[in-house]
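This report goes through one protein model, with attention to its confidence, its strands and its charged side-chain pairs. Please look over the sequence and the structure before reading on.

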Amino acid sequence: MAIRFQYNKTSLQQQEKALKMRVRTLPTIKAKESALRQQVKHTKMEVERLEARLEEELRGYQGMVRLWGEFDPSLITVQSVELSMKKIAGVMLPVLGDIHYEIRPFSIFNAPSWWAEGIELLKTLATVGIEAEFQRLKMEFLDHARRKTTQKVNLFEKVQIPGYQDAIRKIKRFLEDEESLSKASQKIMRSNMERRAQQEGGTAL
């Protein structure tokens, strides 16, 4: 990204203002990047924990696999999932609330005795699965925000701040050179005028 500027005092003031703003903002952006990095790491660990728990729950009920053929899966459905929004490290993220299930009535006399336990198992598996999927989604949101923030840090540190510093140096050098030339020109003009005045004074005598 090329920094546009002109060789005058107004442009110098604009470049200095832009540089000051970025230097002042950079620590805040870096802190945000660090916070997001920590959140991504924490959320990834939570996803791994939930996935491990889901596998453990499934292994614990391997012995019931043959019985599931008798089970009616329509007995339990996810009715609703509560969501809210919360700002984390400067990013608005969805927060998982309660998960509500609808359990269809069934005859405890006609149905197999283990169906009540099966419903609770499905509820547990569904809850852990939804939480794991939600955390994965949250991690993607956070990682996207972290990448964008890292890009901004790099833009400020490696492109804009050095670019404005270079532009300021060039403008200052140009203005100093212009001032030196102006003083040299004024000195030459004064010398010429003094010489001319002396010559005219000598002629008059």
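## A lysine in helix 1

Is Lys30 buried, partly exposed or exposed? Lys30 counts as partly exposed, because its relative accessibility is 35%, and the cut-offs for that class are 20% and 50%. The model is predicted, and this value is computed from it.

The side chain of Lys30 forms a salt bridge with that of Glu157, at 2.5 Å from N to O. This pair links distant parts of the chain: Lys30 belongs to helix 1 and Glu157 to helix 2, and 127 residues separate them. Glu157 is also partly exposed, since its relative accessible area is 33%.

## Confidence

For the protein chain, the mean pLDDT is 85. A value of 70 or more is reached by 91% of the residues.

Confidence is highest in helix 1, residues 9–60, with a mean of 91. It is lowest in helix 2, residues 115–204, where the mean is 84.

## The strand pair

Strand 1 (residues 76–88) and strand 2 (residues 91–103) run antiparallel and are joined by 11 bridges. Ile76 has Ile103 in strand 2 as its bridge partner.

The two strands form a hairpin with two residues between them. In this hairpin, Ala89 takes a positive phi near 55 degrees.

## Salt bridges within a helix

The structure holds 12 salt bridges. Side chains of opposite charge can pair when their charged atoms come close.

Arg37 and Glu33 are four residues apart in helix 1, about one turn of the helix. How do the two partners stand in accessibility? Arg37 is partly exposed, because its relative accessibility is 42%. Glu33 is buried, because its relative accessible area is 12% and the class requires a value under 20%.

In helix 2, Asp143 and Arg147 are four residues apart, about one turn of the helix. Their side chains meet in a salt bridge of 2.7 Å, N to O. Arg147 counts as partly exposed, because its relative accessibility is 40%.

Definitions and conventions
Residues are numbered from 1 along each chain as its sequence is written. This is a predicted model: local features need pLDDT of at least 70, side-chain atom pairs count only at pLDDT 80 or more; totals for chains, interfaces and linings use all residues. Side-chain values use heavy atoms; hydrogens and water are left out. pLDDT is the predictor's confidence in each residue, from 0 to 100. Two strands pair if DSSP finds at least two bridges between them. A salt bridge is a side-chain nitrogen of Lys or Arg within 4 Å of a carboxyl oxygen of Asp or Glu. Buried means under 20% relative accessible area, exposed over 50%, partly exposed in between (1.4 Å probe, protein chains only).
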